[in-house]
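Dear colleague,

Please find below the structure I am handing over to you. My notes on it follow directly after.

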Amino acid sequence: MLLLNNNKYKIGDRVRCPFCLKTDTRVLDSRLTAIQDSIRRRRECPDCSKRFTTYERIEDTNVSVVKKNNVIEQFDRQKLITGMLKACEKRPVKRDKIEQAVDEIESELRKSGKTEITSRKLGEMVIDKLLLLDQVAYLRFASVYKRFTDINQFAKEVNKLKNRRLG
Ligand SMILES: [Zn+2]
């Protein structure tokens, strides 16, 4: 999968074949992704005949993230993906699912119309998504994020999970 913003394969409006590096690729099929903020294009290189998929994102999410020490950072999609991938290490979670979860977070942020979010709130959004993807990944992320200081806090969180499953 290629992401077309800030991508070395994009030259102006043209997309470079990731196999042979020729620039005249042909679009076979275009469609909106499930949450409709990216366009998925199936492409074929007329030169080497290899096929590949690109995702064109409509715009970057223009939200400032206010950290605990009041430092403000630009929302960084890649940072969220990296954090979630780390939490999902060696777990049966596909990268696509993580990308999709981050798409959903971005969509929620856009819909909210907010220009600022605290890192705490953003972390909670990630935690909610991880809970749906994988419980071990959820606990890993939550234990770092909520800075569990002892085993009791960890046990409490595990119990919350159990109750959720029953409830
Ligand atoms: Zn090619």
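How many helices and strands make up the secondary structure of the chain? In this predicted model, the chain has five helices and nine strands. In order along the sequence, these elements follow the pattern β-β-β-β-β-β-β-β-α-α-β-α-α-α. The chain has 167 residues, of which 16% count as buried.

I turn now to the helix packing.

Helix H2 spans residues 95-112 and helix H3 spans residues 119-133. The axes of H2 and H3 come within 10 Å and cross at roughly 140°, and the crossing is right-handed. On the H2 side, the contact involves Lys97, Ala101, Glu104, Ile105 and Glu108; on the H3 side, it involves Met125, Lys129 and Leu133. By class, the residues of this contact are four nonpolar and four charged, with no polar residue.

H3 also packs against helix H4, which covers residues 135-145. Here the angle is about 160° and the axes are 8 Å apart. Because an angle over 145 degrees counts as roughly antiparallel, H3 and H4 are roughly antiparallel to each other. H3 contributes Gly123, Val126, Ile127, Leu130, Leu131 and Leu133 to the contact, while H4 contributes Ala137, Tyr138, Phe141, Ala142 and Tyr145. In terms of class, the contact of H3 with H4 comprises ten nonpolar residues, one polar residue and no charged residues. Leu133 is listed in the contact of H3 with H2 and is listed again in the contact of H3 with H4.

Which residues of H4 are buried? They are Ala137, Tyr138, Phe141 and Ala142. These residues cover an arc of only 125° around the axis, and therefore lie on the same side of H4.

Thr23 lies in the loop between strand S3 (14-15) and strand S4 (26-32). Is Thr23 buried, exposed or partly exposed? Thr23 has 14 other C-beta atoms within 10 Å; a residue counts as buried at 20 or more and as exposed at 12 or fewer, so Thr23 is partly exposed. Thr23 and Pro46 are 23 residues apart in sequence, and their C-alpha atoms are 9.7 Å apart in space.

With kind regards

Key. Residues are numbered from 1 along each chain as its sequence is written. This is a predicted model: local features need pLDDT of at least 70, side-chain atom pairs count only at pLDDT 80 or more; totals for chains, interfaces and linings use all residues. Axes are lines fitted to C-alpha atoms, for helices over the stretch in contact, and angles run from 0 to 180 degrees between N-to-C directions. Helices (H or I, at least four residues) and strands (E, at least two) are DSSP runs, numbered from the N terminus. A crossing is left-handed if the near helix is turned anticlockwise from the far one by less than a right angle, and right-handed if clockwise. Two residues are in contact if their C-beta atoms, placed from the backbone, lie within 7 Å. Ala, Val, Leu, Ile, Met, Phe, Trp, Tyr, Cys and Pro count as nonpolar, Asp, Glu, Lys and Arg as charged, and the others, Gly among them, as polar. Angles under 35 degrees count as roughly parallel, over 145 as roughly antiparallel, 65 to 115 as roughly perpendicular and the rest as oblique. The arc is that of the directions from the helix axis to the C-beta atoms.
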